[in-house]
Structures are given as C-alpha cells and as structure tokens.
Amino acid sequence: MKVISIGTIIKPMSPEQRQQVMSKEVPDTLKHYLDGTLEQFWYRTDKPGVIFLMNVESVEKAKATIEALPLVTNGFAQYEFMSVGPLAPLGMLLQD
C-alpha cells in the first residue's frame, strides 16, 4: 500500500535543538529509505516540512513509523497521512 505522509514543522527550533534533533532524525529517516519504507521524499516549498511517499502495510504502520521520528517525538513536527492508489477511473478508457 502507498501512503503519503505530509509533515509540517509546528514549533521553531533553536540552533542547538536543530543540531541535537537532526543528528538523530537524518539517520533514522535514511534507515527507513534504505529498508524501502520511504520510497521518495521531498522538501516542501510552501512552508517548512517534508512529504514522504511510503510503501507500508497500512496507514497505521505509516503513522507508527513516522511518529517515532525525533522531530515528532520532540514536538517539532506533525504529519497528515493518506492512502493512495492507482487512478482507477482511467480503466474506463480501456476497451475490452
């Protein structure tokens, strides 16, 4: 199942907090990318945050994975989650 996780920074960080939290956030995120849980990721250009395309068993698994990341556990970020799939109406264009 594909899940899009949209993250928003909700509390500013001091330079010291940024150094402490990001030194854990980056390796944790990289581990999820290397194990295939995070397929793609983007930095938001509309406001501080990220967007992840995840390959997981369920939205609950996506939430558990993301909510364990340091930015979330330390109260600096929050995420929205939505499952996505193929654009099924395109099937109407196919003729049998």
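Visitor: Is arginine 44 buried or exposed?

Guide: The classes rest on relative accessible area: buried means under 20%, exposed over 50%, and partly exposed in between, with a 1.4 Å probe and protein chains only. Arginine 44 has a relative accessible area of 11%, and therefore counts as buried. This is a predicted model, in which local features need pLDDT of at least 70 and side-chain atom pairs count only at pLDDT 80 or more, while totals for chains, interfaces and linings use all residues. Residues are numbered from 1 along each chain as its sequence is written, and side-chain values use heavy atoms, with hydrogens and water left out.

Visitor: Where is arginine 44 found, and with which residues is arginine 44 in contact, leaving aside its neighbours within four places in sequence?

Guide: Helices (H or I, at least four residues) and strands (E, at least two) are DSSP runs, numbered from the N terminus. Arginine 44 belongs to the loop between strand S2 (38-43) and strand S3 (50-55). Contact means heavy atoms within 4.5 Å. Beyond the neighbours within four places in sequence, the contacts of arginine 44 are Ile6, Gly7, Thr8, Gly49, Val50 and Ile51.

Visitor: Which salt bridge does arginine 44 form?

Guide: Side chains of opposite charge can pair when their charged atoms come close. The criterion for a salt bridge is a side-chain nitrogen of Lys or Arg within 4 Å of a carboxyl oxygen of Asp or Glu. Arginine 44 forms one with aspartate 46, with 2.8 Å between the closest N and O atoms. Aspartate 46 counts as exposed because its relative accessibility is 57%. A polar atom of the arginine 44 side chain also lies 3.3 Å from the backbone oxygen of glycine 7.

Visitor: How many salt bridges does the structure hold?

Guide: There are two. Lysine 2 and glutamate 39 meet through their side chains in a salt bridge of 2.5 Å, N to O. This pair links distant parts of the chain, with lysine 2 in strand S1 and glutamate 39 in strand S2, 37 residues apart. Lysine 2 is partly exposed at 30% relative accessibility, and glutamate 39 is partly exposed at 29%.

Visitor: How do S1 and S2 pair with S3?

Guide: Two strands pair if DSSP finds at least two bridges between them. S1 and S3 run antiparallel and are joined by five bridges; S2 and S3 also run antiparallel, with five bridges. Isoleucine 51 in S3 is the bridge partner of isoleucine 6 and of tryptophan 42. S2 and S3 form a hairpin with six residues between them, and glycine 49 in the turn has a positive phi of about 155°.

Visitor: Which residues of H2 are buried, and why do they lie on the same side of H2?

Guide: An α-helix has 3.6 residues a turn, so residues three or four places apart point the same way. In H2 the buried residues are Val59, Ala62, Thr65 and Ile66. They lie on the same side of H2 because they cover an arc of only 120° around the axis, the arc being that of the directions from the helix axis to the C-beta atoms. Their cover includes strand S1 (2-9), helix H1 (15-34), S2, S3, H3 and S4.

Visitor: Which residues touch the most other members of the largest nonpolar core?

Guide: A nonpolar core is a set of buried Ala, Val, Leu, Ile, Met, Phe, Trp, Tyr and Cys residues joined through side-chain atoms within 4.5 Å. The largest has 17 residues, of which Val3, Phe52, Met54, Ile66, Tyr79 and Phe81 touch the most other members. Two or more residues come from each of S3, helix H2 (59-66), helix H3 (70-73) and strand S4 (77-84).

Terms used. A polar contact is a pair of N or O atoms within 3.5 Å; within protein, one must be able to donate a hydrogen and the other to accept it, and residues adjacent in sequence count only if both atoms are side-chain atoms.
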